[in-house]
Amino acid sequence: MSASILEVKNLKKYFPAMTNLFGKGTEFVRAVDGIDFYINQGEVLGLVGESGCGKSTTGRTVLRLLEPTEGRIIFDGRDITHLKKKMLRSIYKHMQLVFQDPFASLNPRKKVGKAIEEVLVVHGMKDGAQRRERVRELFDIVGLRGEEDKYPHEFSGGQRQRVVIARALAVNPRLVICDEPVSALDVSIQAQIVNLLVSLKNRLGLSYLFISHDLRVVKYMSDRVAVMYLGKIVETAPAGELFKNPAHPYSMALLSVVSALNPGKNKKKVILEGEVPSPVSPPSGCRFRTRCKYAARICSEAEPQIKCLGGGHLVSCHLY
Ligand code: SF4
């Protein structure tokens, strides 16, 4: 097995939901509540779950765009959890983010090539000719050869996401956090961007944390998949194994949507009853118990520990 490029240990991110007179938090939204995962070099880890489950907060906290409440983030063997902002710049050379909305993440008044040149300046590339050559190369890599002198509005949605990917690749990152990178695009364009991300991964040896609610895209992209529910990772497994044999009742329900869409497969979509509980006061024991048809007394009394079912398949449920 290859060495990990990223290790996350007991990561928590709480946001104050209520504050006292002195501005101190008294109640907290537990957006991410003690998760562990790793990503190997050259690997794609998919992170799935309903909206509000904490997957985007996880991505931003790993990148230190949000300060972690607790836990450790280890990038390429180095603990970056408490690294000062100034020092983080050297880490951002190796770790980049691709956002959901390419238009919002580009300056409408700046030619896209110039915007990427600015990134190169920040990361220490002083020579103008060298920068322009690098920009040309990047636009070539993402299939936009010769388009660097345009403004963002002159591109289609898919082309803009290619620009954003070119900007993320500018500093030769090793890990890219892709946060819903295709969900703002037309369905016809999504496959092109997904294929571009796959070919860039193979060509440049990248690793991805691929955050998405689109399970079919995650299945196609990922080597392993982690399933999140209400701030916790409830199951992790190699992608093929998870989609074939989901073990956690929440994963079974979530993934039944994909099986039900597959022609020739006679599987029914499992409808989840009830609302997602509040992340301010999540249920005791197993957080999924208020919606789980297998819930027993122990499920409210004790939080299930992670168990290994073999072959890298981990699940957190009292049924195992
Ligand atoms: Fe359901 Fe209990 Fe397993 Fe939670 S621990 S998923 S409530 S069976």
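Two strands count as paired if DSSP finds at least two bridges between them. Helices (H or I, at least four residues) and strands (E, at least two) are DSSP runs, numbered from the N terminus. The model is predicted: local features need pLDDT of at least 70, side-chain atom pairs count only at pLDDT 80 or more, and totals for chains, interfaces and linings use all residues. Residues are numbered from 1 along each chain as its sequence is written, and side-chain values use heavy atoms, with hydrogens and water left out.

An open sheet is formed by 4 strands in the order β2-β1-β4-β5, with antiparallel pairing. At its edges lie β2 (25–40) and β5 (78–79), each of which pairs on one side only.

Strand β1 (residues 4–19) joins β4 (residues 70–75) in the antiparallel sense over 5 bridges, and here K12 has E70 of β4 as its bridge partner.

Turning to the helix, α1 (residues 55–62) lies across β1, β2 and β4 and runs at about 115° to β1. Axes are lines fitted to C-alpha atoms, for helices over the stretch in contact (heavy atoms within 4.5 Å), and angles run from 0 to 180 degrees between N-to-C directions.
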